[in-house]
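Trainee: Could we go through this one together? I'd like to start with the strands and then move on to whatever else turns up.

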Amino acid sequence: MKKQTLLATAILSATLVGCGSDSDSNDVVDKSFTPCADSATECVLKGVLKEDFTLKAGVEYTLDDVFQVGEGNGTIEDAAGIAAVKAAGVTLTIEPGVEVKANDDGVLLVTRGSKLNAEGTAANPITFASSDAGYDGTGEWGGVVIQGFAPQYGAGNTGVCGTVVCNVAGEGGDFVGNYGGADKADNSGVIKYVRIAEAGKVAGPNNELNGLTLQGVGHGTTVDYVQVHGNLDDGIEWFGGTVNVTHAVLTNNDDDDIDFDEGYQGNIQHVIIMKDQDDARTGPYGSNDPRAIEANSSDTDYVPQTAATIANVTILGSKINNVVDKEEPGMRLRGSVTANIYNTVVAGFTDQCVRIDYSDHDGDSKLADGTTSNPDATDKIASVVNLTNIVASDCGSTFKKENPDTNVNLVEADIAFDTAFALTSNGTVASTTPVATDNGSNFVFDTTTYVGAVAPGQAAATAWYAGWIIDGSLDR
């Protein structure tokens, strides 16, 4: 979890260059999109897209610098401004099988009022990766940022950003601009059977790009069957919003895999999380603190509206989260969040499998001079956490909590997986269907009778992740 600054930001408006252009990437030119010729086999994507456009199978696309879809990331003054942004919104469609190769500064930014319709298939997934061969890099380009008009809640329990108009400066660089609004059902398009690899470029201190960044994205958006692999920062991070996510594979990400804050209210089901299994890796890069699931509403980031329900997750740690004296828990649910987690297995964290902390936003908040804002304060507010059918294995103290009222149904056990990555030992439980977080979407969880992301008793070739994820990414 990285803090974002809420200052006004400069908005990039650069030329979107067609095939083979070598224009200066630092030019700031407000021009309409000029598409590549229909006969083109190569196309460079850069600048601001102002009309609907389709990336077609068989064309080699290069994401060079920022490719911004629409102009909804400026400052919106009133309801009329919202209507104008929506009326001017454009759609970037990506056909199944397209692979977008990104140069060092490449970022796909989809702004408010516009849409990304990236719907691949299991046989022909859509892929974003760096421009070099293979998918084994880390932090080699930016990532995918989606912005919407759904609510965001401010730090310090200052409440919803706005009942009509909201402008929150997004993390990831000055070009990101503003997101947020008051429409929980806002629709930013479809992300389905999509792979995002090798991303996570650092924009500045505590300001990184995630593999998939969801800023104020509404539940009208579909995010289903998505993989984030080898990201330098988080796999998927939600900043407010209400978008639900199902069928995610999060592998080799160097920081957190699931990270939500700022009043995110949503539901997540069927997720495989695997930390880098390379024995040559002895720890994370830089100052990353790799956890599988992180939720934060504590200290200066106190946002008690943050709430999510998560079910059927398989979490496997590795050396990068078990550095001596810097061990990280599998899940850290920190301070005044509401988190309900069901039917989940977590293993391989020598600190704790699960850690739950109180909010201590008064006494421990640090000021610029290093002192605390209220050193005598004893106010602590508990996280509202319920753990149901959790299997923990190969963890240090397994569980740590400050809140004695936390509802915990957690067992320690040896575990084993079959060839389809289904938990076969201590993994069958009585059917427990999670109660969804009410975000207005009428989301209904799949009823499952097993712990983990995959149902036992099936061939690997028929598992929900089969055929479309990056080859070898789930090897152990």
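This is a predicted model: local features need pLDDT of at least 70, side-chain atom pairs count only at pLDDT 80 or more; totals for chains, interfaces and linings use all residues.

Trainee: Which other strand is joined to β25 by 4 bridges?

Mentor: That is strand β27, residues 354–357, which runs parallel to β25, and in this pairing Met331 stands opposite Val354 of β27.

Trainee: And the side chains of β25, are they buried or exposed?

Mentor: They are buried on both faces of the strand, which spans residues 331–334, with Met331 and Leu333 on one side and Arg332 and Arg334 on the other.

Trainee: Switching topic, how many disulfides are there?

Mentor: Searching the whole structure gives 2 disulfides. One of them joins Cys161 to Cys166, with an S to S distance of 2.1 Å, and the other is formed by Cys353 and Cys395, whose sulfur atoms are 1.6 Å apart.

Trainee: What is the handedness of the link between Cys161 and Cys166?

Mentor: The torsion about the S-S bond is about 105 degrees, so this disulfide is right-handed. As for its two ends, Cys161 is partly exposed at a relative accessible area of 30%, whereas Cys166 is buried at 3%.

Trainee: Then where do Cys353 and Cys395 lie?

Mentor: Cys353 is in the loop between β26 and β27, while Cys395 is in strand β28, residues 384–395, so the pair ties together parts that are 42 residues apart in sequence. This link is also right-handed, with 70 degrees about the S-S bond. Cys353 is buried, with a relative accessible area of 0%, and Cys395 also counts as buried, at 15%.

Trainee: One more thing, what is the phi of Asp65?

Mentor: It is positive, about 70 degrees, although Asp65 is not a glycine. That deserves a second look because most residues other than glycine have a negative phi. Asp65 lies in strand β3, residues 60–69, and is buried, with a relative accessible area of 15%.

Trainee: And Asp325, buried or exposed?

Mentor: Asp325 counts as exposed, because its relative accessibility is 71% and the cut-off for exposed is over 50%. Asp325 has a positive phi of about 70 degrees too, again without being a glycine, and it is found in the loop between β24 and β25.

Key:
Residues are numbered from 1 along each chain as its sequence is written. Side-chain values use heavy atoms; hydrogens and water are left out. Buried means under 20% relative accessible area, exposed over 50%, partly exposed in between (1.4 Å probe, protein chains only). Helices (H or I, at least four residues) and strands (E, at least two) are DSSP runs, numbered from the N terminus. Two strands pair if DSSP finds at least two bridges between them. A disulfide is a pair of cysteine sulfur atoms within 2.5 Å.
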